Structure formats: structure tokens, C-alpha cells
Amino acid sequence: MKKKAVNIIWFKRDLRFTDHEPLFMAQQENLPILLVYFFEPSVMAYDDSDIRHWRFVYESLQEMQSQLKSVDAQIYFFHNEVQTVFKELLEIYDVKQVFSHQEIGNKVTFDRDIAMQSFFDDNTIHDTFLRQIIYTRQIRNIIKHAVLKKFLKHKETLYSLAIWINKI
């Protein structure tokens with residue numbers, strides 16, 4: 001039996017429909033789109049994981065699901081490691097492309113994305129990992145220092161500076 005050809009949108013930290021480049025790119029293709037999200041045990045157990053974050057993720061996904069009802073679509077959730085699920089999806093579908101943002105959030109997700117690029121190559125799946133800038137504390141501090149230099153050069157008050165920095 002011939003498998004149905006699909007493209008996959010792999011949601012990660014980018015839980016929205018607006019301003020979502022991978023979703024836009026997948027919609028330009030002439031194939032059905034399968035929307036997926038993974039609650040990965042390795043990511044959930046990592047040191048920087050927090051229950052508040054996972055609650056936010058769950059609530060965001062529920063909101064997205066409710067928006068999809070009007071177009072008779074859904075996001076499929078998996079509580080498993082990504083590669084394990086993709087192996088199963090390949091048994092069911094002829095996956096042509098996977099669209100997603102490339103994560104740089106922590107070592108686990110960064111290493112996972114590298115491993116998945118290899119997996120996709122091995123299975124002749126075109127992967128489109130789009131870079132997404134995530135402002136880590138270090139990047140934010142660099143911005144703050146640059147802003148501080150700019151304000152001090154223009155002799156603004158420290159009070160004005162503190163208000164401006166808190167908007168970043």
C-alpha cells in the first residue's frame with residue numbers, strides 16, 4: 001500500500017501560528033501538513049526544566065488546538081523522544097520535508113537537532129531547520145552593556161537607563 005506523502009511542522013518553543021516562518025514555508029508546498037509537538041523525557045528531565053514552563057507549553061498547545069478546530073486540524077502530541085516517534089511516522093507516511101526552528105536553548109535540544117539532521121539525511125527527508133534567535137541571559141547582558149554605553153555617551157540619567165533596560 002502506498003504511503004500518503006506529507007510535510008511535517010515540528011513545533012518546539014515556537015508555539016504560535018503567526019510570524020512562524022517554518023509554517024509559512026510548509027504552506028507553500030502542495031502537500032498535506034502534519035503538525036507535531038514532542039514532550040521529550042530527556043528535555044523535561046534536563047536541569048533547566050521547570051514545571052511552570054511545561055504548564056505554559058501545555059496551555060499554549062491547548063490554545064492552538066482550539067484555534068485549529070475551525071479548520072478541522074490538530075497538533076499531534078507525543079510523550080517520547082523525537083527520533084523514536086519519527087521512526088514510527090515513517091512507517092505510516094512518506095515524509096517529504098520537516099520544517100522547524102533550530103533550537104539553541106540548551107545542550108540537550110541542540111544535540112538533538114544535530115542528531116535529527118543526521119536521521120533525516122539517512123532517511124532522505126529534507127529538513128528545513130530555520131534559525132530562531134533566542135535571547136539568552138548572556139545576549140541580553142551584551143545588549144544592556146551596549147545600551148549603557150550609548151546612554152552614558154549621551155549623558156542620560158541612570159533612572160532613564162533602568163527604565164529602558166527593563167523594557168528589553
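Asp113 is buried, at 1% relative accessible area; buried means under 20%, exposed over 50% and partly exposed in between, with a 1.4 Å probe and protein chains only. Arg112 is also buried, at 10%. These two form a salt bridge, with the closest N and O atoms 2.9 Å apart. The term means a side-chain nitrogen of Lys or Arg within 4 Å of a carboxyl oxygen of Asp or Glu. Lys12, Glu40, Arg112 and Asp113 are linked in a network of such bridges.

Before I go on, this is a predicted model, where local features need pLDDT of at least 70 and side-chain atom pairs 80 or more, while totals for chains, interfaces and linings use all residues. Residues are numbered from 1 along each chain as its sequence is written, and side-chain values use heavy atoms, without hydrogens or water.

The structure holds 6 salt bridges. Another one joins Asp111 and Lys107, at 2.7 Å from N to O. Why about one helical turn between them? Because they are 4 residues apart in helix H5; helices here are DSSP runs of H or I, at least four residues, numbered from the N terminus. Asp111 is partly exposed at 33%, whereas Lys107 is exposed at 55%.

Now the helix pair. H4, residues 82–92, packs against H5, residues 107–122, at an angle of about 25°, with the axes 10 Å apart. The two are therefore roughly parallel, a label for angles under 35 degrees. Arg112 turns up again here, among the H5 residues that meet H4.

Note on methods: Axes are lines fitted to C-alpha atoms, for helices over the stretch in contact, and angles run from 0 to 180 degrees between N-to-C directions. Angles under 35 degrees count as roughly parallel, over 145 as roughly antiparallel, 65 to 115 as roughly perpendicular and the rest as oblique. Contact means heavy atoms within 4.5 Å.
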